[in-house]
Amino acid sequence: MYKTHTCGELRPIHISQTVTLAGWVHRRRDHGGVIFIDLRDRFGLTQIVIDPEAIPAAQDVRVEWVLQVVGEVRRRPEGAENPNLPTGEIEVHIQSFKVLNQAKQLPFPINKEEDVEENMRLRYRYLDLRRERMRRNLTLRHRMVKFIRDYLDNKGFLEVETPILFKTTPEGARDYLVPSRVHPGEFYALPQSPQQLKQLLMVAGVERYFQIARCFRDEDQRGDRQPEFTQLDMEMSFVERDDVMELVEDMFTRMVAEIVPHKRLLASPWPRLTYQQAMDRFGKDNPDLRFGLELVDITDLAPRSGFKVFQDVVASGGHVRGINAKGLGDYSRKQIDELTDYVKQFGAKGLAYLAVVASGEHRSTFSKFLPADVLQQLLERMQAQPGDLLLFVADKPAVVFEALGRLRVYLGDLLGLRDPETLAFCWVVDFPYVVWSEEEKRWDPSHHLFTAPMPEDIALLASDPGKARGQQYDLVLNNYEVGGGSIRIHDRALQERVFKLIGLDPEVARQRFGHILEAFEYGTPPHGGIAPGIDRICMILADEPNIREVIAFPKNQAARDVMADAPSEVEAKQLQELHIRVVKD
């Protein structure tokens, strides 16, 4: 070994011992007759002291050089201790010194936190990962995964690996395809999730399965998406919906207490909302429960408002809903216009407002039309107080929910209501089983093809599919969906009935899913599962703005690996072996 101790473990009990350390030069300070170096490895920092007359080569050392040093552990002089370092009471006086490797000029600092353009950080990711922030994130992720493995092992789960090369079975996003050399013209697909495989493990009698699964989806990038991501994939036999939810809730509640004890769970047990409750109250099915500002429905008041915009929207089947932006009643017209421009990004045509001023008067785009009794009912329903700003969107329900759901979160940030130290887990249940696609003129599954309908709603699949609910449950945390699961179909006849409902041709269904349909004829147990996202949950626990900060080697927002320059062109010979010809536009 190049070291007898790490740079993070020396304490006063080691004083007078001769130790060998190895690591990177974090900082170098030349105080004339003595050189101080903070030597860093993954485990921490140790201050080393060098006499440049005894070791002249130390004069040449620069940051990020890799050194091996041998020296005596001594107590720091009184008053020179560093209470911010675990090793802050000691220092190592060097007897011998060896440069293991030099480092050229760095593209950005490693020994201090500075804003560095993201593509630069990704281009030199191996340097970026040396920084304390990134090392802390990797450590948090490791501890999360270790906790999960230990917890599930204790609950009787088996960790089983499933194939990365599988059959293309589109699940909403585009597949990444892998051409086969030995089967010309045929392709594997990288799994969007191990959905069918984990269900087949239930057919196989595994009963309790999990996997830290790599998944792949070719979709547009955003802060909480990557082309390849990691999820905790779980499946259990002989369970109902509550069994899965209670186990997952217990696991993450215990994990938070052990891994991030400084954070506070908002509620225990976690709240459960129906899909409709989530939409009505928060405008979205992945709500942030850390603050109020809930949506209020005034559609029934709109026809009597005297305001033509509201009246016309309701007459055409639309909604009028609002948010009470507490304390923003003194907002200027310019500031309100900025809020209006914000909601227009999400389809809203405008933003009506009513500012409640202390004198009891109102500034508004529409209050002059309101009869006194309607105004009073509106203020009471919105729980308006002097100093409040009431904001309204009138449009089709989908637009109202999207615009106000986004505005609510925007205002939550503006008012400092989204406390990062609070974790507001909740469950959302009773989703519509299918949703109508106007473009395709068909029913689409709201979750995936293998989700079971609620038993009492099966008859609705034939008579009124839009009213049927699925046995789906989403895990939500602080404005993100961080996991989705369901009780699965385990009966071939019901699965084929669902395929027919969504317009999947029987022959296409046989080609894509024949293996699982046949498996359902060999004694398949009732089963269900869930797939929490490791990246998203780690991102939230680490207080990071996107999942790239908790992934060792992520792609950038254009889905490129800028460090290795991938994707890249390949040699003509490789394409020939794969029976592929590239046609460029």
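Residues are numbered from 1 along each chain as its sequence is written, and side-chain values use heavy atoms, with hydrogens and water left out. Because the model is predicted, local features need pLDDT of at least 70 and side-chain atom pairs count only at pLDDT 80 or more, while totals for chains, interfaces and linings use all residues.

**View 1. Helices α3 and α5 pack against each other.** Helix α3 (residues 132–154) and helix α5 (residues 241–259), both DSSP runs of H or I with at least four residues, have axes 10 Å apart and an angle of about 135° between them, the axes being lines fitted to C-alpha atoms over the stretch in contact and the angles running from 0 to 180 degrees between N-to-C directions. The contact (heavy atoms within 4.5 Å) involves residues including Phe 147 and Tyr 151 of α3 and Met 251 and Arg 254 of α5.

**View 2. Five strands form an open sheet.** The strands, DSSP runs of E with at least two residues, follow the order β13-β14-β17-β15-β16 with antiparallel pairing, where two strands pair if DSSP finds at least two bridges between them. At the edges lie β13 (296–297) and β16 (362–364), each of which pairs on one side only. Strand β15 (residues 352–356) is joined to strand β17 (residues 389–395) by four bridges, and Leu 354 stands opposite Leu 390 in β17.

**View 3. Leu 575 lies in helix α15.** This helix spans residues 572–577, and, leaving aside neighbours within four places in sequence, Leu 575 is in contact with Val 570, Ile 580 and Val 582. The C-alpha atoms of Leu 575 and Asn 556, 19 residues apart along the chain, are separated by 26 Å.
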